[in-house]
4 protein chains.
Amino acid sequence: MSANRPLKVALFGSGRIGQVHARNIAEHPDLELAWIADPFIEGARTLAAGTGAVAVESAEDVFANADLDAVIIGSPTSTHVDLISLAMEHGVAALCEKPIDLDIDRALACRDAIKGNKTPLMLGFNRRFDPNFAAIQLRVAAGEIGRLEQLTIISRDPAPAPAAYIQSSGGIFRDQSIHDLDMARFFVPDIIEVFAAGSNVFCDYIEEAGDFDSVVITLKGRNGELVTITNSRHSAYGYDQRLEAFGSEGMLNASNVSPTTVRKYGAKGTEESDAYLPFFLERYAEAYRNELDSFAKAIRSGTACSPGFDDGLQALLLANAAEESARSGRIVKIGQG
Amino acid sequence: MSANRPLKVALFGSGRIGQVHARNIAEHPDLELAWIADPFIEGARTLAAGTGAVAVESAEDVFANADLDAVIIGSPTSTHVDLISLAMEHGVAALCEKPIDLDIDRALACRDAIKGNKTPLMLGFNRRFDPNFAAIQLRVAAGEIGRLEQLTIISRDPAPAPAAYIQSSGGIFRDQSIHDLDMARFFVPDIIEVFAAGSNVFCDYIEEAGDFDSVVITLKGRNGELVTITNSRHSAYGYDQRLEAFGSEGMLNASNVSPTTVRKYGAKGTEESDAYLPFFLERYAEAYRNELDSFAKAIRSGTACSPGFDDGLQALLLANAAEESARSGRIVKIGQG
Amino acid sequence: MSANRPLKVALFGSGRIGQVHARNIAEHPDLELAWIADPFIEGARTLAAGTGAVAVESAEDVFANADLDAVIIGSPTSTHVDLISLAMEHGVAALCEKPIDLDIDRALACRDAIKGNKTPLMLGFNRRFDPNFAAIQLRVAAGEIGRLEQLTIISRDPAPAPAAYIQSSGGIFRDQSIHDLDMARFFVPDIIEVFAAGSNVFCDYIEEAGDFDSVVITLKGRNGELVTITNSRHSAYGYDQRLEAFGSEGMLNASNVSPTTVRKYGAKGTEESDAYLPFFLERYAEAYRNELDSFAKAIRSGTACSPGFDDGLQALLLANAAEESARSGRIVKIGQG
Amino acid sequence: MSANRPLKVALFGSGRIGQVHARNIAEHPDLELAWIADPFIEGARTLAAGTGAVAVESAEDVFANADLDAVIIGSPTSTHVDLISLAMEHGVAALCEKPIDLDIDRALACRDAIKGNKTPLMLGFNRRFDPNFAAIQLRVAAGEIGRLEQLTIISRDPAPAPAAYIQSSGGIFRDQSIHDLDMARFFVPDIIEVFAAGSNVFCDYIEEAGDFDSVVITLKGRNGELVTITNSRHSAYGYDQRLEAFGSEGMLNASNVSPTTVRKYGAKGTEESDAYLPFFLERYAEAYRNELDSFAKAIRSGTACSPGFDDGLQALLLANAAEESARSGRIVKIGQG
């Protein structure tokens, strides 16, 4: 790592999320997109075109470079554990998309394997960097609403992913709710109990996959905080991402984001807002940039990345507990993680 | 006037506004609706039915009653001056709908005729009693936004009155804007300059009547306050009644009133509110009740009615000045009223 | 019951809620407040003063009157079952405040005792008559948001009742949540599963009473609907009463109610609204009036009262199930109602 | 101009607005910041550092470069006319900040001098590119609210510029209102009448400079449209930039912009929003980027720049007319532009 030039970054994955990271790396003054790796080499080449980055096929091609400073792991979930391990072995900073793995045992094994390794490692819970949620977290932490007592998270996707995706998604808790479970931990890090209920109310192929299309999760924190998470795989009015923190001295909430402040008043309705930003690429565009910037700064300053590997692990454990609860009808207690 | 029984009230006029007053008098614990007067005696009888009130035809029938305590004048504008004069002569408290008269000379003659008379006399500028506008006026008067510098009033009717009404209305300034001119004086009592611009943009029969369907008025107060009034005779989204007071230390505004707090979120729009309350009967229902209560209390306590006759006169003078300005293209200066 | 005169009503209880009913009965054109019964006869006398009502001490004094048409039961919870039974025996219509009883066995016995009795009997779940919530329920029932999938209810009192009240309240589920459980049933009548979690986060004397100060309840409806209820016994920003209905084609929600539409913009914050209406007497003033009117109309028309006795029973069963779930950490299944 | 490389741009002025343009040019994929010109060469050097741009002192140094494609004129107002003329002479595209000049005669002479010149020339009325106002303009133009009838513009700076700036500003109409006059023309291009009123209500040194600190302007369009502009040189709650377009079939408005959607609910106020974005650099950051992009695209496509030189001229004529009206108390008619 050189203090005199931008950090050289390799990006794994040239899909939707890889494209977001590629653009953000290109725009970041302290990062240089040097390699894009994808076994589907055409994807890597297309994305690399005009950026100066070199398209490569394999992880070996990436880690062979002595001047590699950092990797962004945006490849399929099944590759995460291996790439994290490789990065840590090579002492290369890594930012890995969630989840660590759908299999908690692989995630735990990875944890054991990298124990003690001080190389910067960040988990891509991008919503922590959303300006709205981040502002609330800061204000709560600063005591603006006293002691936090209740947290309400509503998170609905605009429409369900295709059947093929659903089947390999790990289920709604590990695929969708995991973001909200991490958000819950952003405010209430120490969760001791999980309860969840799931329903199938609108999507046949989700039901056929043995998954739920709608869930509600209740969490209890060590200090008695009560958290509710409401998820749906669809939303007629677009991506619904809201949060409300209730404390002993007040409440802070964040509503959905519209592209403009324009409102319409007509014979059929008044004060009508724009459609919300359609999905995560738009809604969390700034969050992805802030996340990357935080990663770059952590590398430069040598401070710990946050959220880190353990946050990824805890979110996964909560997702698994939610699944277990929804299947058993019982509270699941969380150990002294 | 007896302290042991409710005040005996006679109502002039059994039309739309008379019906509002009749209901409010009936519900007021300190008022008794004793007579309803209308030359169209069937209207008076219908309204009186079941109220205990006696339907009469003429003012003589009303003022002949020794136990009459107060009159509410909701009859046509052309009768206002005579009824005010009669009430004052008989020492009977009066609440008269705006305007005093369309003819400023008749209004001035009435002023001279009743000069020195201490009988309670109130002008029906009901909007001063709207909870929203009244709250702002109180908070401004209490200094919450420092010194008042600018006032923005937007006031649009849902749809123009019929051609016949327009022709005898006295014109938009004396008929519609007069409410807003009084509202301006509620905040800035001492107006020194008036400018107005009028347009015909949507209604042929208003143009044929030599009247405007859309106007903008600028007022300057003695302390440099700038007031804008925007009026239209129609509004596709319903009755539009808003006010914004800007001061050296902040701003207070009141938006339109919806029947509920419900909002709709759908594929075609988000955060959509209910249609606004349709017109003045609904929008100012509470204002009419508060106005009547203020009138009753002023009678009982012997304090001056507000707004009073002079407020009616000043609003009329401003309306005339606005008309003159719109016709001449020049500022009209207001004398030391 | 006479068609020619208002219905003669007796009111049980002269406390806070009795006073609300007394005023509303007095203002209702088809109801006459004839008797006010309270063993604390001074309370009854004070409330009766100036209304024309007769203050009496006992239920016998009330039911002895042959011209009695209806009773409003606003006396302590422990008296509800007996007064309902007496009213039904005498064929006198009754509107009873919630809950029927804190003891489900007494409530069930009452149900058995009055089985088959066709006398109008209404349960005082006033919130069903709140214009905001009622509008949403109507619009959902009309299909405006498609099929209902998720319902989010947030309901927080401004401050906890005193310790003495808490001790005899029956606990937060039967005392506070019961309103929200009925609201859930207003939208999702057929609940099949209940889960609840409770916490003690701010109030020592509630904890000492073995009660929770904060709870979250999850309900599942027969068609997979998921309902969350979030309750707290306090709220720094006042009475918090919100509801959000999410359906396959959109969402409808109702926010809190402010006394005016005024907003403040200053150096320390922008778009600041008034404090919310402080507590249920103000927030639900219109709901109480609408409820009474619905009761009067049901008596006159001979149609069934809604909500009725069974609604009171079901809400109590759900409250008990919630308590059981919060104590056991397990879902409680609800029988076939 | 080469199709194979970004356009080579020279920036005049290294002050506040120059810095905005420098950053935006640097981030634009089709623009290359090649020269920064400022007689205060240190400013140019500081801004050029690390950008690859060459700092130069004079216009000659800029226009001597054969590969120059475009200039951005962000230098003092007095230099605008000369730099526009030079650019047009050299056939170099120019984007010039408003106003063209404070002296209408110089502006008119410039117009005559460049008549017939087809080189792209854009005026920097950045607010036309604000996403909120641009969205309204598009929707109005698409007929969403029918025929435009009234336009309400409220525009208040957070605090007055220093006395020295005020003295050479050309006065509030040419310095501040000119943006709003152009915004009026964005919606109503053909203005036929101007009326203005000015006041001095809070700032002594503005009054001493013979200028107003608060003004209201009324415009009439050829089709009877009525426009009001309300300006103040200060605002306790921050930069206040709002617009409301009222048409025959509805209304569209844009409110102020907060950094987040977060709202605070506490004992002292509810629904409190963040402070607004403080001033034009933040509020119109996106507008500046969009403006630059529009300029680049116009150059590449050979289409006319909008807003163009004539828009700058018309806004200046309206500002002069407003000044004249405020001094004379009369409407000023605008010629057939």
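In the predicted model, a salt bridge links the side chains of B:Arg242 and D:Glu244, with N and O 2.5 Å apart. Two salt bridges are counted between chain B and chain D. Polar contacts between these chains involve 16 residue pairs, with both residues at pLDDT 80 or more.

The size of an interface is often expressed as the accessible area lost when the parts come together. Chain B and chain D bury about 3,200 Å² between them. Carbon and sulfur atoms account for 58% of this area. Of the area that chain B buries against chain D, 16% comes from B:Gln150, B:Val201 and B:Phe246, more than from any other three residues. Each chain brings 41 residues to the contact: 41 from chain B and 41 from chain D.

In chain A, strand 1 (residues 7–12) is mostly covered, with six of its six residues buried. In a regular strand, side chains alternate between the two faces of the sheet. A:Leu7, A:Val9 and A:Leu11 point one way from strand 1 of chain A. A:Lys8, A:Ala10 and A:Phe12 point the other way, and all are buried. Strand 1 of chain A runs parallel to strand 2 (residues 31–37) of chain A, and six bridges join the two. Across this pairing, A:Lys8 stands opposite A:Glu32 of strand 2.

Key
Residues are numbered from 1 along each chain as its sequence is written. Chains are lettered from A and ligands numbered from 1 in the order in which they are written. This is a predicted model: local features need pLDDT of at least 70, side-chain atom pairs count only at pLDDT 80 or more; totals for chains, interfaces and linings use all residues. Side-chain values use heavy atoms; hydrogens and water are left out. Contact means heavy atoms within 4.5 Å. Buried area is the accessible area (1.4 Å probe) that two parts lose on being put together, summed over both. A salt bridge is a side-chain nitrogen of Lys or Arg within 4 Å of a carboxyl oxygen of Asp or Glu. A polar contact is a pair of N or O atoms within 3.5 Å; within protein, one must be able to donate a hydrogen and the other to accept it, and residues adjacent in sequence count only if both atoms are side-chain atoms. Buried means under 20% relative accessible area, exposed over 50%, partly exposed in between (1.4 Å probe, protein chains only). Helices (H or I, at least four residues) and strands (E, at least two) are DSSP runs, numbered from the N terminus. Two strands pair if DSSP finds at least two bridges between them.
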